2 protein chains.
Amino acid sequence: MQKDKKIKPVPEPTIKRLPVYLHYLNKARLEGVINISAPTIAGELKLDPTQVVKDLSFTGIKGRTKIGYNIYELIHYLEEYLGFNKTNNAFLVGAGNLGSALMAYQAGQSLGLKILAAFDISADRIGEKTGQVNVLHMNNFGEMVKRLNVSIGILTTPEHVAQEMAEKMIACRIKAIWNLTPAYLKLPENIIVQNTSMYSNVAVLLKRLEESDVVI
Amino acid sequence: MQKDKKIKPVPEPTIKRLPVYLHYLNKARLEGVINISAPTIAGELKLDPTQVVKDLSFTGIKGRTKIGYNIYELIHYLEEYLGFNKTNNAFLVGAGNLGSALMAYQAGQSLGLKILAAFDISADRIGEKTGQVNVLHMNNFGEMVKRLNVSIGILTTPEHVAQEMAEKMIACRIKAIWNLTPAYLKLPENIIVQNTSMYSNVAVLLKRLEESDVVI
């Protein structure tokens with residue numbers, strides 16, 4: 001308590017589970033649930049109850065013995081903690097299939113991010129509109145970043161231009177990049193990069209399938 | 001060594017890093033690299049060298065002092081270990097934007113999976129073709145699974161039908177599901193599910209951005 005200025009970094013597995021709780025709780029709320037306990041959440045999501053209590057404690061909420069959490073309060077704490085109740089504006093670079101998928105995806109359901117515009121260099125994509133997002137020419141990127149004060153960029157270009165486009169984004173003062181290309185980006189230390197590698201997820205799936213075959 | 005039948009499960013973070021090494025090594029190989037050391041790999045990918053050595057040891061390869069790994073040998077071990085040198089056939093269910101993105105994605109670059117066909121229930125998608133993958137009616141799913149002996153399913157439907165479609169896939173003897181929907185699937189214990197949540201990745205990005213703002 002003496003050092004409350006020093007923020008303890010939350011473990012990444014915890015951060016990744018928090019939106020899963022939030023998603024589940026929103027569904028439970030729609031089904032009329034008012035109070036919910038950690039063991040119930042754990043049971044539904046096949047997690048360890050102690051882990052659930054620990055994860056949720058990072059948001060600052062405290063459950064009550066025998067009652068558990070008030071679901072509205074818990075959702076509020078989670079949204080607040082994750083920043084999902086704020087509008088986190090982002091620009092997308094690379095309006096191909098994956099980029100369009102994200103634009104359409106966010107139109108239907110909150111992603112925690114709002115894609116304000118998409119950018120591309122291919123003439124036949126510029127002017128298109130997916131999920132209410134317009135595709136603009138990459139030449140306008142810098143001006144738009146400044147105008148709308150956006151600091152998050154989503155990278156969905158082909159791999160061979162990923163590094164170049166990431167550098168362009170940074171030159172235009174983007175501070176955080178969600179990299180959905182398989183490229184490994186080399187960027188300055190102060191830039192936040194979140195890699196979502198499709199490969200890595202496939203690898204885990206295949207390995208588990210192989211292990212299960214061994215067991216059978 | 002007495003219990004060599006007992007396979008020690010590999011930590012998931014390791015499995016997720018292995019395709020990243022593989023991807024990087026393939027690029028280095030094209031640039032003419034013959035031998036590569038763990039510290040070099042670690043330096044390029046901003047990882048701890050000890051971690052790299054440990055990760056790579058799971059594939060069974062041994063590096064040589066001062067020389068490191070032969071890059072061809074290392075790539076071979078990684079591909080073998082990850083099963084990326086085999087053809088891992090998969091069917092995709094839900095040929096919307098995200099599904100199409102995956103179909104197009106695998107056409108250009110190996111995903112470790114080969115999507116043999118896609119399935120949907122929407123009349124205007126059936127008969128379409130993306131990245132050489134045909135979209136068939138979901139009614140044909142069971143027959144096609146049997147015919148082509150596929151055990152991996154990729155789920156890219158809208159969230160509200162995800163559970164139903166996953167159950168249909170399992171009823172047709174799919175053994176592993178790569179779930180790219182935000183739905184939390186409730187499936188029998190013996191089914192392997194790999195969730196790739198876009199939410200979770202966004203959450204990590206936002207949290208890191210927030211932490212960096214605190215520091216600045």
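This briefing walks through how two protein chains are arranged and how they meet. The model is a predicted one, so please read every value below as computed from it. Chain A can be laid on chain B with an RMSD of 0.0 Å, and the two chains bury about 6200 Å² between them.

**Symmetry of the copies**

**The interface by area and contacts**

- On the chain A side, 65 residues are in contact with 66 residues of chain B.
- Of the area of about 6200 Å² that chain A and chain B bury between them, 64% is on carbon and sulfur atoms.
- Three residues stand out here: Tyr184(A), Tyr199(A) and Leu205(A) supply 11% of the area that chain A buries against chain B, more than any other three residues.

**Polar links and the elements that carry the interface**

- The rule finds four salt bridges across the interface of chain A and chain B.
- Glu12(A) and Arg208(B) form a salt bridge, with their closest N and O atoms 2.6 Å apart.
- There are also 18 residue pairs in polar contact across the interface of chain A and chain B, both residues being at pLDDT 80 or more.
- Elements giving two or more residues to the side of chain A that touches chain B include the helices α1 (12-30), α4 (71-82) and α8 (198-215), along with the strands β8 (176-179) and β9 (192-195).
- Helix α8(A) brings the largest share of that side, 17 residues.
- Sorted by class, the side of chain A that touches chain B has 37 nonpolar, 14 polar and 14 charged residues.

**Salt bridges in the whole structure**

- Over all chains, a search of the whole structure finds twelve salt bridges.
- Within chain A, Arg17(A) forms a salt bridge with Asp55(A), and their closest N and O atoms are 2.6 Å apart.
- This pair links distant parts of the chain: Arg17(A) sits in helix α1 of chain A and Asp55(A) in helix α3 (residues 49-57) of chain A, 38 residues apart.

Terms used. Residues numbered from 1 in each chain as written. Chains lettered and ligands numbered in written order. Predicted model: local features only at pLDDT ≥ 70, side-chain atom pairs only at ≥ 80, totals over all residues. Heavy atoms only, no water. Least-squares fit on C-alpha atoms with pLDDT ≥ 70 in both. Contact = heavy atoms within 4.5 Å. Buried area = accessible area lost by both parts, 1.4 Å probe. Salt bridge = Lys/Arg side-chain N within 4 Å of Asp/Glu carboxyl O. Polar contact = N/O pair within 3.5 Å; in protein donor to acceptor, adjacent residues only side chain to side chain. Helix = DSSP H or I, 4+ residues; strand = E, 2+ residues; numbered from the N terminus. Nonpolar A, V, L, I, M, F, W, Y, C, P; charged D, E, K, R; others polar.
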